[in-house]
Structures are given as structure tokens and as C-alpha cells.
Amino acid sequence: MNSTTLRSATTPTAPRSTAVPTSAAARTSAAGAAGPGARRRVPRWSVPLVAAAVSVAVLLVGTALGVDPAVRAATGTQTVGLAAVIVATLVVGYAGWGVRALLGRLLSRRPRGGEGAWLVTCGVVLLVSLLGPLGGVTPGAVALLVVEHVAVGAVLALGLRR
């Protein structure tokens with residue numbers, strides 16, 4: 001074997017292609033190459049929107065079942081409406097997104113990037129938030145509001161987990 005043969009056997013003759021597939025079929029096949037068990041990440045900004053949709057769905061189902069979501073307030077009885085549910089969920093959801101980002105930065109050297117701290121924080125916030133539904137006027141209102149808090153908490157905790 002001479003040096004020319006050795007050199008041509010070890011050096012690639014054609015450059016490797018690093019082009020990204022541009023056709024829809026090529027993108028689909030490239031995305032499916034990861035396998036059926038591969039998880040797609042949902043954009044974090046959309047998680048509070050999903051939580052708001054879940055809270056609206058729970059409220060609508062509860063009211064369709066005949067539950068009046070009324071709570072005792074300092075000024076008397078207050079009915080929990082769609083606007084209050086949407087605004088509260090979005091405020092808490094986007095605040096949670098900020099807390100999750102902060103925990104991710106502070107605990108970035110850990111293997112899971114603060115995921116445990118995030119879940120513990122969510123658990124504590126959920127337990128504190130469950131004090132609100134205890135002011136429900138009827139047992140049905142208490143149950144509906146507890147289900148709503150748990151559903152929103154689960155969507156936010158799991159959706160913003162990673």
C-alpha cells in the first residue's frame with residue numbers, strides 16, 4: 001500500500017451534507033425518525049393558556065351540572081365567573097413560568113435543572129391556594145373550586161416541569 005492509497009482511504013472525498021430538509025414530507029420523516037416514544041416539547045408560553053382553557057372547562061362543566069361557584073367574601077357572597085377564572089389562571093401561570101425560569105437558572109448545575117424544587121414549590125403553592133375554595137358557600141361549590149385548583153395546578157406543574 002502506498003501513501004496515496006492510504007490517504008484516499010482515510011480522507012473523505014465528498015463533503016458531508018448538513019442541510020436541513022425543506023419539504024414537508026422530509027420534515028415529517030426526519031421528525032418521525034426519533035421514534036414513536038419521542039416527546040415533543042410544548043412551548044412554555046402556551047402552558048398558562050392551556051391551564052386557562054382547563055379552568056374554563058372545569059367551571060363550565062360544574063355550572064352545567066348545577067353547581068353555583070359562589071364563595072364567601074368580606075363583602076358578602078361572590079360568584080366566581082369566567083373572567084375571574086381566566087385572569088387568575090393567566091396571572092398565576094405566567095408568574096409560575098417566571099419562577100420556573102428562575103429555579104432553572106439557579107439550579108442549572110443539577111442534573112434535572114431544578115425540577116424537584118419546581119415540583120415542591122408547586123405543591124406548596126397548591127396547598128396554600130386550596131384555602132380559597134374552603135370559603136365556598138355550598139359543598140358543591142367547594143368541590144368544584146377544589147377540582148379547578150387541582151386541575152390548573154397539575155397542568156402548570158407538569159407543563160412547566162422541564
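Residues are numbered from 1 along each chain as its sequence is written. Because the model is predicted, local features need pLDDT of at least 70 and side-chain atom pairs count only at pLDDT 80 or more, while totals for chains, interfaces and linings use all residues, and side-chain values use heavy atoms, without hydrogens and water.

Let's start with the helices (DSSP runs of H or I, at least four residues, numbered from the N terminus). Helix α3 covers residues 47-64 and helix α4 residues 82-106; they pack at an angle of about 150°, their axes 9 Å apart. Axes here are lines fitted to C-alpha atoms over the stretch in contact, with angles from 0 to 180 degrees between N-to-C directions. That makes α3 roughly antiparallel to α4 (an angle over 145 degrees).

Who touches whom? The table gives both sides of the contact (heavy atoms within 4.5 Å).

| Helix | Contact residues |
|---|---|
| α3 | Pro48, Leu49, Ala51, Ala52, Ser55, Val56, Leu59, Leu60 |
| α4 | Leu82, Val85, Ile86, Thr89, Leu90, Gly93, Tyr94 |

By class, this contact has twelve nonpolar, three polar and no charged residues (Ala, Val, Leu, Ile, Met, Phe, Trp, Tyr, Cys and Pro count as nonpolar, Asp, Glu, Lys and Arg as charged, the others, Gly among them, as polar).

Tyr94 of that contact also belongs to the structure's one aromatic pair. Its partner is Trp97, with ring centres 5.8 Å apart and planes at 50°, so the pair is tilted (centres within 6.5 Å, using the six-membered ring of Trp; planes under 30 degrees apart are stacked, over 60 edge-to-face, the rest tilted). Both residues lie in helix α4, three residues apart, about one turn of the helix.

Note on methods:
Helices (H or I, at least four residues) and strands (E, at least two) are DSSP runs, numbered from the N terminus. Angles under 35 degrees count as roughly parallel, over 145 as roughly antiparallel, 65 to 115 as roughly perpendicular and the rest as oblique.
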